[in-house]
Amino acid sequence: MQIWVDADACPNVVKQILFHAAERWQVNIILVANRLLSTPPSRYVKAVQVPAGFDVADNEIVRRLQPGDLVITGDIPLASDVLQKDGHALNPRGSFYTNDNIREYMSMRQFMDELRSSGVETGGPAAFSNADRQAFANQLDKFLMKAL
């Protein structure tokens with residue numbers, strides 16, 4: 001089992017939690033981004049740079065994903081693709097995407113896109129909080145405890 005990170009938009013605090021988990025659990029973590037990333041010296045942490053472009057990093061993750069792997073992403077279409085390949089998807093705020101909830105996430109995403117395209121100001125996501133950080137760390141630890 002490996003952990004893949006959709007790293008372009010992943011909060012730095014989440015990356016730090018993942019770097020710590022890589023050492024603690026001795027699990028490979030691969031950050032995929034279209035820019036060069038700095039990672040700590042670790043045999044468990046790797047970075048893959050892909051060319052710039054729409055969904056290039058997402059497509060690379062899906063291409064290399066194996067059943068049972070975990071993907072860290074806030075990208076709902078990527079999470080859907082991960083689930084279709086029998087992977088697990090966790091967003092940076094600590095919620096798992098599942099086969100039971102992915103349609104709801106996709107519908108809400110489409111609804112918000114329609115609002116924005118019609119000129120409605122929807123604002124962005126709430127600021128990343130300490131509660132989000134803790135929820136992510138807790139869910140990651142629970143997952144790794146079961147998976148490893």
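Trainee: Leaving aside neighbours within four places in sequence, which residues is Trp25 in contact with?
Mentor: Trp25 is in contact with Asp141, Leu144, Met145 and Leu148, where contact means heavy atoms within 4.5 Å. Before we go on: this is a predicted model, where local features need pLDDT of at least 70 and side-chain atom pairs count only at pLDDT 80 or more, while totals for chains, interfaces and linings use all residues. Residues are numbered from 1 along each chain as its sequence is written, and side-chain values use heavy atoms, with hydrogens and water left out.

Trainee: Which of those side chains makes a polar contact with the side chain of Trp25?
Mentor: That's Asp141, at 3.3 Å. A polar contact is a pair of N or O atoms within 3.5 Å; within protein, one must be able to donate a hydrogen and the other to accept it, and residues adjacent in sequence count only if both atoms are side-chain atoms.

Trainee: Where is Trp25 found, by element?
Mentor: In helix 1, residues 12-25. Helices (H or I, at least four residues) and strands (E, at least two) are DSSP runs, numbered from the N terminus.

Trainee: And how does Trp25 count, buried or exposed or in between?
Mentor: Trp25 counts as partly exposed, because its relative accessibility is 21%. Buried means under 20% relative accessible area, exposed over 50%, and partly exposed in between, with a 1.4 Å probe and protein chains only.

Trainee: New topic. How many aromatic pairs does the structure hold?
Mentor: It holds 2. Rings of Phe, Tyr and Trp (its six-membered ring) pair if their centres lie within 6.5 Å; planes under 30 degrees apart count as stacked, over 60 as edge-to-face and the rest as tilted.

Trainee: Why is the pair of Phe96 and Phe143 called tilted?
Mentor: The planes of Phe96 and Phe143 are at 35°, so the pair is tilted, and the ring centres are 5.8 Å apart. Phe96 lies in strand 6 (residues 96-97) and Phe143 in helix 5 (residues 130-147), so this pair ties together parts that are 47 residues apart in sequence. Phe143 counts as buried, at 11% relative accessibility.

Trainee: What about the rings of Tyr97 and Tyr105?
Mentor: That pair is edge-to-face, because the planes are at 65°; the centres are 4.9 Å apart. Tyr97 counts as buried at 5% relative accessibility, whereas Tyr105, at 26%, counts as partly exposed.

Trainee: Which residues does His88 touch, not counting those up to four places away in sequence?
Mentor: The list is Gly68, Asp69, Leu70, Val71, Val82, Phe96 and Phe143. So His88 touches both Phe96 and Phe143, the rings of the tilted pair. His88 sits in strand 5 and counts as partly exposed at 33% relative accessibility.

Trainee: Switching to pockets: how much space lies in the largest one?
Mentor: About 830 Å³. On a 1 Å grid over the protein atoms alone, a pocket is an open set of points where a 1.4 Å probe fits, with protein on both sides within 12 Å along at least five of seven lines; lining residues have an atom within 4 Å of a point. Grid points are joined across faces, edges and corners, and the volume is the space filled by probe spheres set on the points.

Trainee: Last one: what happens at the two ends of helix 3?
Mentor: At the start of helix 3, a side-chain oxygen of Asp75 comes within 2.8 Å of the backbone nitrogen of Leu78. Helix 3 is followed by Asp86, whose phi is positive, near 60°. Asp86 lies in the loop between helix 3 and strand 5 and counts as exposed at 55% relative accessibility.
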